[in-house]
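Here is a briefing on strand pairing and charged side-chain contacts. Please keep the sequence and the model in view while reading.

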Amino acid sequence: MSDQRMDSSAFLLILFLSSLFVCHNGVEGSIELSASEDLELENQVKLLNKPAVKTIQTEYGDIYDCVDFYNQPAFDHPMLKNHSFYFEMKPTPWFPRKRDQVRSKVRESLHIRLKDGGCPFGTVPIRRITKEDLIRERNVSNIRPLDEFAFGSHFAVVRTKRGAGKYNGAGAALSIHRPRLLRNDQYSAGRIRILNGVDAIQVGWRVDPGLYGGDTRTRSFIRVDAPQAHCFNTRCPGFVLVRSDIPPDFVYEQTSKYGGPIYQKQLYIKRDLANGNWWLLIGDDFTPVGFWPKRIFSDLANLANYVDWGGHVYTPLGTGFTPEMGTGHFLKTDGRYDAFCRNTQVINEYDQNVDEFNTETFHDIGLYEVVDLKNARKYGHVAVYGGPPQK
């Protein structure tokens with residue numbers, strides 16, 4: 001995909017989605033609400049938070065409600081009601097190559113499950129939404145637009161070239177970091193993204209106080225953009241969570257330090273050939289966490305035609321410095337010091353797990369750095385990215 005195409009795609013998305021926003025910047029000071037606005041928010045909270053079989057509170061203050069499987073938000077979509085997911089909860093396996101199991105000083109971030117075994121069987125953990133969350137989203141002074149190519153977004157990624165192929169999935173092992181933000185309306189993320197047309201799926205980690213209630217810890221995230229679904233995690237009908245102990249927005253307790261130790265998480269997006277659903281698989285055992293149903297997509301109802309791996313940051317225009325990306329330093333091309341996506345692989349249109357070497361780097365106007373290492377010894381194909389705050 002060329003820079004020109006990315007610009008035109010961004011313009012089309014802005015036109016198509018101009019009336020939709022994700023308003024989750026930090027809010028300074030108190031906001032006065034009218035009685036009708038307050039009542040409206042109360043009703044929204046009741047609608048969003050489903051009846052809980054059990055409630056789990058984490059040490060970070062998050063409250064997860066264990067919601068009956070068929071009452072979670074994804075099933076509010078009329079096309080998903082009264083549908084059996086027995087077969088769909090068995091994604092086609094995707095086995096790693098031998099070098100994915102090579103022992104190294106890179107450690108897998110394992111502590112991602114809810115305590116005490118998570119939710120009871122047949123229920124899934126959904127993060128509780130408060131009125132304060134909705135106030136933060138609705139009443140920010142600088143609205144953060146839905147389109148990720150909006151002004152203020154910056155990228156440093158390795159991406160597949162235009163026309164390089166068609167894909168049934170993609171994955172990599174992402175190093176986990178906690179970049180420093182300078183404002184609550186900034187964010188910094190490391191991610192994998194697959195795309196076709198206006199449809200896209202992202203998985204990765206991010207520091208985003210606007211999305212997570214002022215929290216600057218590193219959290220996992222998923223995002224979907226489809227004709228009727230544009231949201232993070234489980235905030236809209238889009239992602240069907242099937243794990244009772246792994247929410248899609250958990251805190252990474254262990255993050256990498258500059259010079260080591262380094263922590264990573266293996267993440268994969270895999271299309272099930274049997275039914276066309278896109279699955280999220282995590283960890284070195286490829287644990288299935290949930291899926292995006294084929295029905296919610298238009299262009300991704302079939303194969304993807306674009307993949308990228310790397311970093312994405314955002315700051316509102318005119319607010320000064322941009323945030324750190326990755327480790328917050330310029331690159332040394334050394335895994336002990338740089339943020340990376342290693343063993344970047346795709347599943348091609350023939351459902352073969354392969355290295356994709358028909359790639360190029362993209363970083364907008366040179367604010368951040370990215371290097372495409374196509375033969376990095378035992379780490380395979382690696383995207384290395386990052387950079388310090390920039391004016």
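**Salt bridges and an open sheet**

A search of the whole structure finds 16 salt bridges, each being a side-chain nitrogen of Lys or Arg within 4 Å of a carboxyl oxygen of Asp or Glu. The model is predicted: local features need pLDDT of at least 70, side-chain atom pairs count only at pLDDT 80 or more, and totals for chains, interfaces and linings use all residues. Residues are numbered from 1 along each chain as its sequence is written, and side-chain values use heavy atoms, with hydrogens and water left out.

**Salt bridges**

- Arg180 pairs with Glu324, with 3.4 Å between the closest N and O atoms.
- This pair links distant parts of the chain, 144 residues apart. Arg180 sits in the loop between β6 (167–175) and β7, and Glu324 in the loop between β15 and β16 (339–348).
- Arg180 is partly exposed at 46% relative accessible area, while Glu324 is buried at 12%. Buried means under 20% relative accessible area, exposed over 50%, and partly exposed in between (1.4 Å probe, protein chains only).
- Lys270 and Asp351 also form a salt bridge, at 3.4 Å from N to O.
- Lys270 belongs to strand β12 (residues 262–271) and Asp351 to the loop between β16 and β17 (353–355), so their contact ties together parts 81 residues apart in sequence.
- Lys270 is buried, with a relative accessible area of 1%. Asp351 is partly exposed at 26%.
- Arg336 and Asp334 form a salt bridge with their closest N and O atoms 2.7 Å apart. Arg336 is partly exposed at 46%, and Asp334 is partly exposed at 21%.

**The open sheet**

- Seven strands form an open sheet in the order β10-β9-β8-β7-β15-β5-β18, with antiparallel pairing. Strands (E, at least two residues) and helices (H or I, at least four) are DSSP runs, numbered from the N terminus. Two strands pair if DSSP finds at least two bridges between them.
- β10 (229–232) and β18 (359–363) stand at the edges of the sheet. Each has a single partner strand, so one side of each lacks a neighbour in the sheet.
- On average, neighbouring strands of this sheet are turned by 15° against each other, direction ignored. Axes here are lines fitted to C-alpha atoms, and angles run from 0 to 180 degrees between N-to-C directions.
- Strand β7 (residues 187–196) pairs with strand β15 (residues 306–314) in the antiparallel sense, over nine bridges.
- Ile192 stands opposite Trp309 in β15.
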